[in-house]
Amino acid sequence: MEKTVHSFEIINENIIIKRIDKSLLTYGEIRIPNYLRDFFHFHEMEKHDRWDIEITYHHSFYYGVLYLDDYKRLRGKLRWGKELTRELRNTASKYIYESYGYDIREENAPLLRLEKVDRLTFRADVIFPEEVEKDAKEYMLHEDKFIYGVKARYELDPDVRLKVLKIHGVSCGICGFNFEHIYGDVAKGYIQIHQIGMEDKNLEELNLEKDFIPVCDNCHGILHRSKEVDLSVKELQQIIKIQSELHKLDK
């Protein structure tokens, strides 16, 4: 269950969400509050420790550092270099700075999603709440809310979409495709949502972590391509893996 505290959301023990603000884009760092010190393992740090960390963003690797600047209170910072700061600024600035002429609203601020792989390795995504809502309301694949012939009760619901992306990120959970990484700003924040298992359940009966997954259009189309063949997410992941290995052998 997600927990909201100030500008952070604690999604689970391995994922947090940070609302992007001017300070983050200017200084390339996050002040870690006390309630997140266990997430970053500050209790394992010695007084003058500085942990070098690795952050993956859009299939590129960036380096950062975790350190305590108040050892008694176990308060510290996560800081990264100019390269990642530049990438985040390029993708998020128009939602933050008034000079872009954009209608700045706090609820539309981009969200930095940090997924902890281990204490020194993180995966980062940026989620755009406004784009999520636009895609759900305006870019429907069919006016009757059917996707590839399958009724989509929740796949186009903006609230469900946003919550699922906070849990799983914005890359395809099957093949790893990231729209913004390939297409740039025109595809910023775009990804579809797939309900795993098409049982007719109420939303309260569904688990947003286990019953939904972000998918690219290609994978989504293949999952729903045949009404006769019930292709699962795991089966499609395995097919992609096998095909990848076969292509390597061909070379």
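Guide: A residue is called buried when its relative accessible area is under 20%, exposed when it is over 50%, and partly exposed in between, using a 1.4 Å probe and protein chains only. The structure is a predicted model, in which local features need pLDDT of at least 70 and side-chain atom pairs count only at pLDDT 80 or more, while totals for chains, interfaces and linings use all residues. Residues are numbered from 1 along each chain as its sequence is written, and side-chain values use heavy atoms, with hydrogens and water left out.

Visitor: What share of the residues in the chain is buried?

Guide: Of the 251 residues in the chain, 45% are buried. Accessible areas come from the Shrake-Rupley method with a 1.4 Å probe, and for residues only the protein chains shown count as cover. The accessible surface of the chain is about 14600 Å², and carbon and sulfur atoms hold 48% of that surface.

Visitor: How many helices and strands are there in the chain?

Guide: Both are read as DSSP runs numbered from the N terminus, a helix being H or I over at least four residues and a strand being E over at least two. By that reading the chain has seven helices and 13 strands. As for contacts (heavy atoms within 4.5 Å), among those in the chain with a separation of 6 or more, 60% come from residues 24 or more positions apart.

Visitor: How many salt bridges are there, and which residue does Glu29 meet in one?

Guide: A salt bridge is a side-chain nitrogen of Lys or Arg within 4 Å of a carboxyl oxygen of Asp or Glu, and the count by this rule is eleven. One of them joins the side chains of Glu29 and Arg79, with an N to O distance of 2.4 Å. This pair links distant parts of the chain, 50 residues apart, with Glu29 in strand β4 (residues 29–32) and Arg79 in strand β7 (residues 75–80). Glu29 is buried at a relative accessible area of 15%, whereas Arg79, at 32%, is partly exposed.

Visitor: Which residues of the largest nonpolar core touch the most other members?

Guide: A nonpolar core is a set of buried Ala, Val, Leu, Ile, Met, Phe, Trp, Tyr and Cys residues joined through side-chain atoms within 4.5 Å. The largest one has 34 residues, and those touching the most other members are Ile30, Phe40, Leu66, Leu78, Trp80, Leu88 and Leu112. At least two residues of this core come from each of α1 (22–27), β4, β5 (50–57), β6 (60–70), β7, α2 (82–92), β8 (111–118) and β9 (121–127), and β5 gives the most, with four residues. Leu78, with residues up to four places away in sequence not counted, touches Gly28, Glu29, Ile30, Ile32, Phe40, Ile53, Val65, Leu66 and Leu114. There is also a second, separate core of 30 residues, which includes Ile11, Ile174, Cys219 and Leu231.

Visitor: How many disulfides are there, and how far from Cys216 is the nearest cysteine sulfur?

Guide: A disulfide is a pair of cysteine sulfur atoms within 2.5 Å, and by this rule the count is zero. Cys216 is in no disulfide, and the nearest cysteine sulfur, that of Cys219, is 3.7 Å away. Cys216 is buried, with a relative accessible area of 4%, and Cys219 is buried at 6% relative accessibility.

Visitor: Which residues make a nonpolar surface patch?

Guide: Patches use residues with over 30% relative accessible area and no salt bridge, joining like charges within 9 Å and nonpolar side chains (Val, Leu, Ile, Met, Phe, Trp, Tyr) within 5 Å. Here Ile182, Tyr183 and Val186 make a nonpolar patch of about 360 Å². Val186 is in the loop between α5 (179–183) and β12 (192–195), and its 76% relative accessibility counts as exposed.

Visitor: Where is Ser7, and is Ser7 buried or exposed?

Guide: Ser7 is in the loop between β1 (3–5) and β2 (8–12), and Ser7 counts as buried, at 18% relative accessibility. With neighbours within four places in sequence left aside, Ser7 is in contact with Ile17, Lys18 and Arg19. From Ser7 to Ile20 the C-alpha to C-alpha distance is 8.4 Å, and the two are 13 residues apart in sequence.
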